[in-house]
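Take a walk through this protein model with the sequence at hand. We go from strands to turns, then on to helices.

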Amino acid sequence: MRHILLAAAAALAVTSPITAQEKPDMPRELTFERVFASPSLAGQMPRGVKLSPDGKWLTVLRSRAKDKDRYDLWGYERATGEWRMLVDSEKVGSGRELSEAEKMQRERQRIGKLKGIVTYDWAPDGSAILVPLDGDLYLASLDGEVKRLTNTAEGELNPTLSETGRFLSFVRDGRVYVGAVGSGDARPITPEEAADTVGWGVAEFVSQEEFDRIKGLWWSPDDRRLAIQRTDEAPVGIVTRTAIGADATTVTQQRYPAAGTDNAIVQLFVLDPDGGNRVEVDLGADKDFYLGRVDWSRDGKTLYVQRISRAQDRLDMIAADPATGASRVLFSENAAQGHWINLTDNYRWLKDGSLIWWSERDGYGHLYRWKDGRFSQLTKGEWVVDSLDGVDEDKGLVFFDANRDDALSQQTYVVSLDKPGEPRRITDPAYTNSATMDGKARALLITRSNATQPTQVYLADTAGKPLTWVSENRVDADHPYAPFVEAQREEIFGTLKADDGQTLHWRMIKPEMEPGKRYPVFFIHYGGPHVQTVKKGWTSPLEQAIAAKGYIVFELDNRGSSNRGVAFEKPIYRAMGGVEVADQKVGAEYLKTLPFVDPDKIATYGWSYGGYMTLKMLEADPGLYAAGIAGAPVTKWELYDTAYTERYMGDPRQVQDAYDKASTLPDAARIDDPLLLVHGMSDDNVVFSNSTAMASALQHAGVQFEMMFYPGETHSVGGPEISPHLWNTIMGFLDRHGVTPPQ
């Protein structure tokens with residue numbers, strides 16, 4: 001759930017070509033149909049931007065103008081300054097349908113509707129690139145040659161090149177295969193299990209969905225050993241999943257760890273590349289834990305494992321001996337009272353054995369150095385480090401992204417490793433920025449945008465000086481957004497106070513207004529943890545399209561949302577549906593005081609956690625909102641997974657009262673305002689039964705409401721036809737209930 005903001009944001013990944021009558025240079029109304037058409041109004045937004053290990057090449061996944069959801073692999077040779085396509089996904093690919101396992105992995109990564117090349121990996125020596133495509137694997141050289149490595153009916157999951165580039169590993173039918181690159185002789189190195197509940201080399205469901213970890217295999221630096229996850233789902237309860245399509249209904253018996261039920265059994269083993277010398281890593285006596293992250297030391301003599309308690313209030317950094325499996329705890333990270341551990345990728349093991357580590361131990365997410373058993377703080381202040389970009393160990397510099405200067409605008413900074421002082425900003429504050437770096441921190445790949453400039457990507461030196469554009473994406477006369485620039489409405493930002501005195505940030509877009517008239521509000525919210533929606537950067541043109549129809553667009557980040565520190569996050573602990581609703585009410589009451597707002601026409605909209613919020617807001621304050629749209633809502637938290645739900649709500653076997661209070665079902669009868677309930681009928685994240693349970697509760701309570709359910713659609717309802725249908729449905733709903741602009 002942490003990946004989902006709006007249905008519209010997900011739907012933007014799937015577009016259709018514009019017609020000959022809709023050329024970008026022709027001024028026209030910004031319609032929902034155009035918002036979701038190709039080429040994207042955001043322009044060229046490359047994915048998967050990487051520097052080669054030797055720093056000589058820069059590679060990206062670039063979409064096509066006529067098909068935004070198909071990606072090809074492009075390369076930029078820094079010595080010549082030339083771009084060229086390295087792999088044409090249509091010419092090289094077979095078009096074969098992906099396996100169900102790969103489809104599900106893509107759904108976990110929210111890229112299920114993309115086509116062509118969606119990921120790739122450089123060989124460690126920079127000589128070639130491993131490309132998964134249409135269920136098989138290819139090796140692309142830099143001279144344009146593409147060699148097919150596999151050609152099987154079965155798919156290959158999680159393909160990885162070993163650290164020296166000599167071996168290729170992947171997962172097929174639950175077993176790990178290893179072979180010499182290009183030899184075609186990959187063979188299984190993990191045992192064939194008697195039970196179909198056991199698999200190797202892939203993260204279990206909750207790690208994929210809630211911990212941003214897909215892989216379950218890690219090569220040692222010298223290729224001598226592999227660490228491999230073994231997962232047994234036998235303890236996990238079986239639920240019936242019904243995927244209702246337009247022409248058929250598929251019923252699946254799925255093992256799903258619902259809150260308060262058993263998780264999969266996870267083990268970690270170390271093996272030789274031929275499968276021999278298998279040793280289990282000792283991860284402790286308590287087997288009910290989460291495997292967070294796994295890393296090898298630089299010399300390959302130690303395996304580092306981040307073990308998280310089931311309650312997610314403690315993280316142990318474990319050092320294991322790969323030869324024996326014996327382990328010891330190096331240090332522990334304990335959550336503040338009434339909070340939880342936020343697992344991140346913001347850490348880096350250094351060659352001297354010390355560690356750059358992200359922690360919220362002082363109340364804000366900051367960087368520390370762990371060395372000789374002690375922590376020293378590298379960054380501090382009432383702001384949050386969002387990501388660790390790179391570490392130049394030779395020069396002693398640490399690069400990171402943070403909201404140090406503005407809670408709504410992220411920048412890139414550098415600080416000394418040995419003598420940390422005030423961080424130095426190296427990006428332009430006129431934009432919101434983020435950065436990534438190569439492994440040795442020799443260059444920066446900076447991504448930036450602002451309210452009027454869609455996403456740009458450029459290569460910079462370590463001082464932040466631009467070297468070359470990866471995607472300039474300038475909004476000139478030929479840019480897809482050019483016809484709509486003149487009509488773009490300004491974004492306005494402001495703050496309000498929560499009942500405990502904490503600051504709440506809001507954002508507003510006003511339509512073109514006539515003096516003396518009052519306008520309806522389209523009040524967007526997400527409201528859940530791990531998300532910040534009010535930011536100063538490029539946002540979806542969808543909001544401009546809503547404003548063009550005469551609505552004020554308003555959004556507020558309530559307590560519980562991210563990047564504001566522990567005190568701002570923790571009020572939702574074991575209290576979902578409480579303070580978030582109260583904070584959004586503060587926003588609604590503020591809107592009603594504005595002379596240009598029609599106080600009787602404030603409609604609230606949310607998707608996923610936001611859909612849950614819509615229901616709780618209507619139940620808490622009947623009459624406050626004119627109407628509500630609840631998209632793919634959670635309606636009962638016991639229906640959602642262990643890792644996400646228990647992190648914030650605790651185990652329902654211990655705190656059932658908190659779950660009862662957070663549910664939307666008991667108070668369904670309190671909904672007295674127009675409600676539109678929307679859901680994808682094949683949603684395997686927030687499953688469709690959440691909405692059917694709510695529909696049943698409303699019907700038994702005699703509450704009238706409207707529904708729009710989408711056959712075959714998953715959690716990210718959208719597409720070139722579906723997205724406009726969804727948003728025209730929402731507008732039609734508001735029109736029927738009188739939530740309309742003045743005439």
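Strand 23 (residues 289-296) and strand 24 run antiparallel, joined by 7 bridges. Keep in mind that this model is predicted. Leucine 291 has arginine 307 in strand 24 as its bridge partner. Arginine 293 has glutamine 306 in strand 24 as its bridge partner. Strand 23 and strand 24 make a hairpin, with 6 residues between them. In the turn sits glycine 300, with a positive phi of about 75°.

Strand 24 also pairs with strand 25 (residues 314-320). Here 6 bridges join the two, and again the strands run antiparallel. Valine 305 stands opposite isoleucine 318 in strand 25. These strands form a hairpin too, with 4 residues between the strands. Glutamine 312 in this hairpin takes a positive phi near 60°.

How many of the 7 residues of strand 24 are buried? The count is 6, so strand 24 (residues 303-309) is largely enclosed by the rest of the structure.

An open sheet of 4 strands has the order 31-32-33-34, and its pairing is antiparallel. At its edges stand strand 31 (385-392) and strand 34 (424-425). Each of these has a single partner strand, so one side of each lacks a neighbour in the sheet. Strand 31 pairs with strand 32 (residues 397-402) in the antiparallel sense, over 6 bridges. Within this part of the model, serine 387 stands opposite aspartate 401 in strand 32.

Now for the loops. Three aspartates are worth a stop. Aspartate 352 lies in the loop between strand 27 (347-349) and strand 28 (355-359). Its relative accessibility is 44%, so aspartate 352 counts as partly exposed. Leaving out residues up to four places away in sequence, aspartate 352 touches Arg369 and Lys371. Serine 297 is 55 residues from aspartate 352 along the chain, and their C-alpha atoms are separated by 10.0 Å.

Aspartate 134 sits in the loop between strand 9 (128-133) and strand 10 (136-141). It has a positive phi of about 50°, although it is not a glycine. Is aspartate 134 buried or exposed? At 15% relative accessibility, it counts as buried.

Aspartate 372 is in the loop between strand 29 (366-371) and strand 30 (374-377). Its phi is positive as well, about 55°, although aspartate 372 is not a glycine. At 73% relative accessibility, aspartate 372 counts as exposed.

Proline 39 is found between strand 2 (37-38) and strand 3 (47-51). The bond from serine 38 to proline 39 is cis, with omega near -5°.

Finally, turn to the helices.

Helix 9 packs with helix 10 (residues 609-620) at an angle of about 75°, and their axes are 10 Å apart. Angles from 65 to 115 degrees count as roughly perpendicular. Helix 9 and helix 10 are therefore roughly perpendicular to each other. Which residues meet? Glu580, Val581 and Gln584 in helix 9 meet Tyr609, Met613, Lys616, Met617 and Ala620 in helix 10. By class, this contact has 5 nonpolar, 1 polar and 2 charged residues.

Some residues of helix 9 are buried, among them Val579, Gly587, Ala588 and Leu591. Glu580, Val581 and Gln584 are among the buried residues too. What covers the buried residues of helix 9? The cover includes helix 10, strand 39 (491-497), strand 40 (503-509) and strand 43 (597-607). Strand 41 (519-524) and strand 42 (552-556) also take part in covering them.

Terms used:
Residues are numbered from 1 along each chain as its sequence is written. This is a predicted model: local features need pLDDT of at least 70, side-chain atom pairs count only at pLDDT 80 or more; totals for chains, interfaces and linings use all residues. Side-chain values use heavy atoms; hydrogens and water are left out. Axes are lines fitted to C-alpha atoms, for helices over the stretch in contact, and angles run from 0 to 180 degrees between N-to-C directions. Angles under 35 degrees count as roughly parallel, over 145 as roughly antiparallel, 65 to 115 as roughly perpendicular and the rest as oblique. Contact means heavy atoms within 4.5 Å. Ala, Val, Leu, Ile, Met, Phe, Trp, Tyr, Cys and Pro count as nonpolar, Asp, Glu, Lys and Arg as charged, and the others, Gly among them, as polar. Two strands pair if DSSP finds at least two bridges between them. Buried means under 20% relative accessible area, exposed over 50%, partly exposed in between (1.4 Å probe, protein chains only).
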